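Work through the exercises below with the sequence and the model open. Try each task before reading its solution.

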Amino acid sequence: MKIDLNCDLGESFGAYKLGLDDQVLPYISSANVACGFHASDPVVMDKTVALAKDAGVAVGAHPGYPDLQGFGRRNMTIPPREVKAMVMYQIGALQAFCTAHGLKLQHVKPHGALYNMAGKDEALAMAVCEAIQAVDDSLILLGLSGSKMLEAADKIGLRSAREVFADRAYEEDGSLVARTKPGAMITDEGEAVARVIRMIREGKVTAVTGKDIPIRADSVCVHGDSPKALAFVQKIRAALTAEQIQIVPLRDIV
């Protein structure tokens, strides 16, 4: 059994430092690198891609809404045509740094509000997938298990991978509990590890209501901006190894 372990990285900006990128990288197989709209800047992008290369970690673009102040987590009303162009723009920016460092961009994972909105809105989902395909049809879409983005990818023949979250709670419909609601974040490391193993082994997760819902996992995400990101990723990797679940990049799974 194989699984990808991913983390959102490269989210510092100018003089503001966020996350423990250099410490987290040795434990993951894929990095989602911010592309300048919700976080990051050209210098941070360059540094993060270099760090990922040194750690032997596959790199993916992490495009978001143009919302630095809200960290890309505020819903925005933007027509699908504009969303497509913004996603293409951000993929291209990160792709330039990958080329400069001799890396092939592996995947694209939308960030924050864009990720959540495109997970439920068919037109937005299609815009995201068409943007990825237009830039490079060999790229992999990384989207929430059961989301509209995965359906859109299937419709146009784009490779896709199903993502689950170690540190987020789920609604009964399979969507993530909004961060504004209590219990949205899983803060107990033991609980997070147990949930991850169950999602992989049994294809189930307990929703915030207490009901078990079906879920499928190609990749497990740990948020890089979480205070416990390093502890989470260390313990999850150790648990996966103990369960004889091989940790590999997305390109080796889908």
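**Exercise 1. The lining of the largest pocket**

Task: Find which helix supplies the largest share of the lining of the largest pocket, and describe that lining by class.

Solution: Step 1. H4 provides the largest share of this lining, 5 residues. The model used here is a predicted one.

Step 1. Helix H4 covers 112-118, and strand E6 (160-165) and strand E8 (212-214) also supply at least two lining residues each.

Step 2. The lining has 37 residues, and Tyr115, Asn116, Leu144, Ser175 and Leu176 lie nearest the centre of the pocket.

Step 3. By class, 13 of the lining residues are nonpolar, 12 are polar and 12 are charged.

Step 4. The volume of the largest pocket is about 780 Å³.

**Exercise 2. The second largest pocket**

Task: State the volume of the second largest pocket and say which residues lie closest to its centre.

Solution: Step 1. The second largest pocket has about 270 Å³ of volume.

Step 1. It is lined by 16 residues, with Ser12, Lys17, Asp21, Val44 and Lys47 closest to the centre.

Step 2. Helix H1 (21-24) and helix H2 (42-55) each contribute at least two residues to this lining. The largest share, 5 residues, is that of H2.

Step 3. Sorted by class, the lining consists of 6 nonpolar, 5 polar and 5 charged residues.

**Exercise 3. The cavity**

Task: Determine how many cavities of 30 Å³ or more the structure holds, and list the residues that line the largest cavity.

Solution: Step 1. Rolling a probe the size of a water molecule over the atoms shows where empty space remains.

Step 1. There is 1 cavity of 30 Å³ or more in the structure. The largest cavity contains about 40 Å³ of space.

Step 2. Its lining is made of Glu122, Ala125, Lys148, Glu151, Ala152 and Lys155.

Step 3. The classes are 2 nonpolar, no polar and 4 charged residues.

Conventions:
Residues are numbered from 1 along each chain as its sequence is written. This is a predicted model: local features need pLDDT of at least 70, side-chain atom pairs count only at pLDDT 80 or more; totals for chains, interfaces and linings use all residues. Side-chain values use heavy atoms; hydrogens and water are left out. On a 1 Å grid over the protein atoms alone, a cavity is a set of points where a 1.4 Å probe fits but cannot get out, and a pocket is an open set with protein on both sides within 12 Å along at least five of seven lines; lining residues have an atom within 4 Å of a point. Grid points are joined across faces, edges and corners, and a volume is the space filled by probe spheres set on the points. Helices (H or I, at least four residues) and strands (E, at least two) are DSSP runs, numbered from the N terminus. Ala, Val, Leu, Ile, Met, Phe, Trp, Tyr, Cys and Pro count as nonpolar, Asp, Glu, Lys and Arg as charged, and the others, Gly among them, as polar.
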